[in-house]
2 protein chains.
Amino acid sequence: MVGTAIRTAIGSRRASAAGRETRERILDAAERLFAESGYSNVSTRQIADEARSNIAAAHYHFGSKEGLLEAVLGRRLDGINAERERLLTQCMRDAGGRPAIQDVLEAFIGPTLRLSKTEEGRRFNLLTGRASTDPNPEVKRILFQVYDSVGRCFVEAAAAACPDLSKAELFWRLTCVYGAMMYIRADNGRLQHLFGPGFTLSDVDGALKYAMPFLTTGMQAPPSAAAAPDATPSRREDD
Amino acid sequence: MVGTAIRTAIGSRRASAAGRETRERILDAAERLFAESGYSNVSTRQIADEARSNIAAAHYHFGSKEGLLEAVLGRRLDGINAERERLLTQCMRDAGGRPAIQDVLEAFIGPTLRLSKTEEGRRFNLLTGRASTDPNPEVKRILFQVYDSVGRCFVEAAAAACPDLSKAELFWRLTCVYGAMMYIRADNGRLQHLFGPGFTLSDVDGALKYAMPFLTTGMQAPPSAAAAPDATPSRREDD
DNA sequence: GTCTATATGTGGATAGAC
DNA sequence: GTCTATCCACATATAGAC
């Protein structure tokens, strides 16, 4: 509705020690509360209170609640996603355009999973994991924008790593990969509830040791057309 | 906050043709709107309008917005989850306690994926997929309650199908399975956006043909301890 | 840049007529 | 059972003093 909010406030911000501190406190508070309760369930009031500031300051710095979410995401994702793209490009180049799928998965998923080694990183993963299925159009728009570039790199690299998969099969397999990655990040507690105490999705080593091989093996499954029951058993056209 | 809402209204409901019609119209409207926008982003007013009724009627029949969500979920899940449990129990029994993992996955995931064959089933999957990462405590409580029993059946059957996996490894693999299943249901449009037109998660045949084998193969990966780099290559203790 | 006070809208829930 | 009218809490956003 008010998409044309005052972005000038952001552009005209100049170095001011006190100002930057407030700004960062608001970002920290927003990140924490968005992660805990979800974008739509948190008010700018709560954020301002948590930041020991007030609503007006939040609007002064970020123009709107939407702009605040954008800033919260950009603050961390700009760096993370640049690294993921760099790793993806590099493993493509190192392998002469035919990377191993485990390297591609590691480049795309590894950096995000490892975020959970710190408490604030874990919180940020919770935020993005929950946001990934948020129906709010504002949230969707921002996510599509922030993840578009790295997502394209990933699909391209995965396609190069699995040249004998049809585009349809790649689509479904990468959906499963995305799903697993986001579910780990969103950490909804379902499996912990079923498995009892002692199991946690925040265990980065467990994720790398157990989830990554699951996904790698799944990606390496033979193409479904060739694996169909009673179908031509051995002939395939490439590779 | 108001968890002790008037449940008597539900209990005291007796057969009344006009009443039941209104009730069903409200459930239909709530299901549609919850699926579209998420529980927290829909007001009871919108639901009442969509049902060509009013807020008071919704509160009369369901006591609260929370009670309404509970009824929306129960209406379909009671049947679906009973069927899933029946299938899981059956494939355990048929295999003498050692079922094939693909049968377990099919029993647990198949019935929900096939819901998407109808438009209203697809909408319902959207609703539950989005709800699965909803941070709202009301939503979490209801989901845990509605899925607890079938979830335990599934974990038990999966453990029986994969006896050589440690509990930790099973935990992580089933997390991946859950993640893929929920991501397909939540259908956030990310992969369609990256793959372009012609690809859709509503394609039930595609899901069964491509996603299920991915998950089955992942579950069948050798245990990670034995698959560790440069580790003992062939000796394993069971099976 | 930061605040208080406020404008303006909408949320869930209920009272009470019919 | 169904409705209108209403209570009250809280949302985003802004005006204007400092």
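## Secondary structure of chain A

In this predicted model, chain A contains 12 helices and zero strands, where a helix is a DSSP run of H or I with at least four residues, a strand is a run of E with at least two, and both are numbered from the N terminus. Read along the sequence, chain A gives the pattern α-α-α-α-α-α-α-α-α-α-α-α.

## Burial and contacts in chain A

Chain A has 239 residues, and 54% of them count as buried, a term that stands for under 20% relative accessible area with a 1.4 Å probe, protein chains only. Where residues at least 6 apart in sequence are in contact in chain A, 74% of those contacts join residues at least 24 apart; contact means heavy atoms within 4.5 Å.

## Two helices of chain B

Helix 7 (residues 119-131) of chain B packs against helix 9 (residues 167-186) of chain B at an angle of about 125°, with the axes 7 Å apart; the axes are lines fitted to C-alpha atoms over the stretch in contact, and angles run from 0 to 180 degrees between N-to-C directions. This angle makes helix 7 of chain B oblique to helix 9 of chain B, because angles under 35 degrees count as roughly parallel, over 145 as roughly antiparallel, 65 to 115 as roughly perpendicular and the rest as oblique.

Helix 7 of chain B contributes N125(B), L126(B), T128(B), G129(B) and R130(B) to the contact, while helix 9 of chain B contributes M182(B), R185(B) and A186(B).

## Numbering and model

Residues are numbered from 1 along each chain as its sequence is written, and chains are lettered from A in the order in which they are written. Local features need pLDDT of at least 70 and side-chain atom pairs count only at pLDDT 80 or more, whereas totals for chains, interfaces and linings use all residues, and side-chain values use heavy atoms, leaving out hydrogens and water.

How values were computed. Buried means under 20% relative accessible area, exposed over 50%, partly exposed in between (1.4 Å probe, protein chains only).
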